[in-house]
Amino acid sequence: TGVQTCALPISSSTHVQRMAFDACSWLLFSAVLVNQAGRVMIPAIKTSVLVDPDFAPAFEQNVGAMLSGVSLVCLGGKLLGAALTDKLGGWLVLISVFVMWIIATVASFATYDVQVFGGSWLLNSFAYTVTWGAAVQVIGSKYTEQKERDAQLVKVASASRFGATFGNIIFGQLLSAGLHWRQALMPVVPVQAVLLVACFYYWSTSRTAAAPTKAKAKEPAAAGGPSALQAMLSLDFWLMLVPKAVLFTYTQFFMNYIPQLLNADYGFGHGAAATYGGVAQGGSVVGLLYVGNVLYKSRENAGKLSIIRVCLLLCAIVPLILANGPLLKAKTGLDVVTPLVVPLTVLWGLAYALPFYIPPGAFAMTAGGKTAAALYTNLFDAAGFTVSAMWNPWASACAKRGDFATVLYSQALFGLIALVCMPLCMERTNKKVEADKKKA
């Protein structure tokens, strides 16, 4: 009797292919997660460094200048990333990022010189700054279908939020366990080294997917992506840049002002305010994992637009409610908002995360093509850092005099601006894509 063979049905083989392990996707996820954990490394140990006898007086005197330097390095990193990431390719940039991380981390715990420590902090910040653009460039080069790109953007953005959240927790727990701050930094180095080797291996075995070839680099702007000047002459560029830039201030508000708001306006103790501030930031993780990964990526263009509109409408409404809670209590005696303040901040975090990450990233890959996705991404982020650099001192001055209502009104205004601009840009971009498909 002959040996009978049978082939898998087409549908089954397709299913097996879809279920195959995506090394690129998970390596990007791991790289961004560890990168974001490293971003909060110095801020997480900063209070311990301030009281370290080796650093205390000089570090305290210089920390303000260091923070200003971090802001400048972040802005410069975005501009440099815009110029170089598409040319070098995302994987090569990520390899450079982990080399910088290892140098910065080792220098941080090995030095007893405040200036060297400050330089390590700047190098740390630069490495973090160029990572997101590199990740978007890889996604744009590797994945061709819009649904695949949206799914990968959601996944990598989720890694960003997880990394920032768990980084704070991990470093805090290591310090709470009695480790010196230098010892708390040491476990990061082997993890960074493993990711450096993994990124180098992936890049060396798949260079054609990692960076544009010379032939592609010579393609016309319509196929390969525009220059920075051409990008800035596009109305759609500004319709996406403006909301991305103003929503950038939300990241600052959630990191720096929510605990103060809960303490000053709603009567929470310092410990509870700090804890619930972290809970509020957790809303962004839910926004990406459920709203983004489950609801958004499964919708067609019209459904995606509706979700973005609802999210941005909440970004305009929730700050208004929070701003008027104390005023309502003072005028009527009704304390309606205080019991709802934590759920409201979580809802706000959930609402802003998706519009902040996914539409700008998707627009960058659609408009920029395979050779200019990082250009758009880094220019958007550079605009965000610029707006935040202007907004932060003003917001800080308002917070110092207890005027959180004015700060929250600015956040509501930014949500309204994003509600007008971002859906309009998405609608215009979708129409252009459909028109191009019909022509083809």
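One cavity of 30 Å³ or more turns up by the rule used here. A cavity is a set of points, on a 1 Å grid over the protein atoms alone, where a 1.4 Å probe fits but cannot get out. Grid points are joined across faces, edges and corners, and a volume is the space filled by probe spheres set on the points. The model is a predicted one: local features need pLDDT of at least 70, side-chain atom pairs count only at pLDDT 80 or more, and totals for chains, interfaces and linings use all residues. Residues are numbered from 1 along each chain as its sequence is written, and side-chain values use heavy atoms, with hydrogens and water left out.

The largest cavity has a volume of about 50 Å³. Its lining is made up of Trp132, Lys244, Tyr357, Pro360, Gly361, Thr377, Phe380 and Asp381. Lining residues have an atom within 4 Å of a point. Helix 18 (residues 341-400) gives the largest share of this lining, six residues. Helices are DSSP runs (H or I, at least four residues), numbered from the N terminus. By class, the lining has four nonpolar, two polar and two charged residues. Ala, Val, Leu, Ile, Met, Phe, Trp, Tyr, Cys and Pro count as nonpolar, Asp, Glu, Lys and Arg as charged, and the others, Gly among them, as polar.

Now to helix 2. Two packed helices are described by the angle between their axes and the distance between the axes. Axes are lines fitted to C-alpha atoms over the stretch in contact, and angles run from 0 to 180 degrees between N-to-C directions.

| Helix pair | Angle | Axis distance |
|---|---|---|
| Helix 2 (residues 23-39) and helix 9 (residues 188-205) | about 145 degrees | 11 Å |
| Helix 2 and helix 5 (residues 90-110) | about 35 degrees | 12 Å |

Helix 2 and helix 9 cross in a left-handed way. Left-handed means that the near helix is turned anticlockwise from the far one by less than a right angle. Contact means heavy atoms within 4.5 Å. On helix 2, the residues in contact with helix 9 include Ala23, Leu27 and Ser30. Their partners on helix 9 include Val191, Leu195 and Tyr202. This contact has ten nonpolar, two polar and no charged residues.

Helix 2 also passes helix 5 in a left-handed crossing. By class, the contact has ten nonpolar, two polar and one charged residues.

Is Asn35 buried or exposed? Asn35 counts as buried because its relative accessibility is 1%, and buried means under 20% relative accessible area with a 1.4 Å probe, protein chains only. Asn35 touches Val97, Trp101, Ala127, Tyr128 and Thr131, leaving aside residues up to four places away in sequence.

Note on methods: Helix = DSSP H or I, 4+ residues; strand = E, 2+ residues; numbered from the N terminus. Buried < 20%, exposed > 50% of the residue type's maximum accessible area, 1.4 Å probe, protein only. 1 Å grid on protein atoms, 1.4 Å probe; cavity = no way out; pocket = protein on both sides within 12 Å on 5 of 7 lines; lining within 4 Å.
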